[in-house]
Amino acid sequence: METPIHEEIYRDHTIKIIHDPDPESPRNYDNLSTMTCWHGRYRLGDKHDHDDPRDLLIGLSEVSGETDLSINDLFARAEQRAVILPLYLYDHSGITMNTTGFHCPWDSGQVGYIFVTLEDIRKEYGVTRVSKNMRAKIADHLRQEVVTYDHYLTGNCYGFVVEKDDEEVESCWGFLGEYDGYCLAEAKSLVN
């Protein structure tokens, strides 16, 4: 077992928080969105069959025969049929991802998009109209999916072991985010 990054005594139990050496990608979870990326060295996001970003945006916007449109025009048309955000990657001694970009022109750039179609939103939420307010909430949801994926990419993946009298009584793995949040709280709730 790896050396714990946090250890404490709680109600006569020892809780050890440990880096998860082999976490499951959160893209394997039941996500609302599709995360489509292109990168020469990394396999990021979800599996897809799009050759390049233009191909994805043409498919989302359902334009036919108008392939001379700029990427910005295609993106604007895709926004009419989906909630879509750009994905940016910073690659320097590790990788990190967000939807707003980074301030380093050499080690960062756009790698893809995260999106959900209006049709899928209607099905998921049982609505006939996707309002401006709902679009904003969905965009926030997509940003949170990217934050979760970024925790996976940056190694913020943990598990815990609960011991009583030097014997393991509980353990759980696959927590993404800061270890002193949900991971530690879940360990304490098991002791309770």
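Modeller: In this predicted model, Cys 183 is buried, its relative accessible area being 2%. The closest cysteine sulfur to that of Cys 183 belongs to Cys 172 and lies 7.8 Å away, which is too far for a bond. A disulfide requires the two sulfur atoms to be within 2.5 Å, and by this rule the count of disulfides comes to zero. Cys 104 is likewise in no disulfide, since the nearest cysteine sulfur, that of Cys 37, is 19 Å away. Cys 104 is also buried, with a relative accessible area of 18%, a value that falls in the buried class because that class takes in whatever is under 20%.

Cys 37 leads on to the strand pairing, for its bridge partner is Gly 112 in strand 6. This contact belongs to the pairing of strand 3, residues 34-37, with strand 6, where four bridges join two strands that run antiparallel. Strand 6 also pairs with strand 4, residues 82-91, again in the antiparallel sense and over nine bridges. Within strand 6, Val 116 is the residue that stands opposite Val 83. Strand 6 itself spans residues 108-117 and is mostly covered, with seven of its ten residues buried. As a general point about such elements, the side chains of a regular strand alternate between the two faces of the sheet.

Conventions: Residues numbered from 1 in each chain as written. Predicted model: local features only at pLDDT ≥ 70, side-chain atom pairs only at ≥ 80, totals over all residues. Heavy atoms only, no water. Buried < 20%, exposed > 50% of the residue type's maximum accessible area, 1.4 Å probe, protein only. Pairing = 2+ DSSP bridges.
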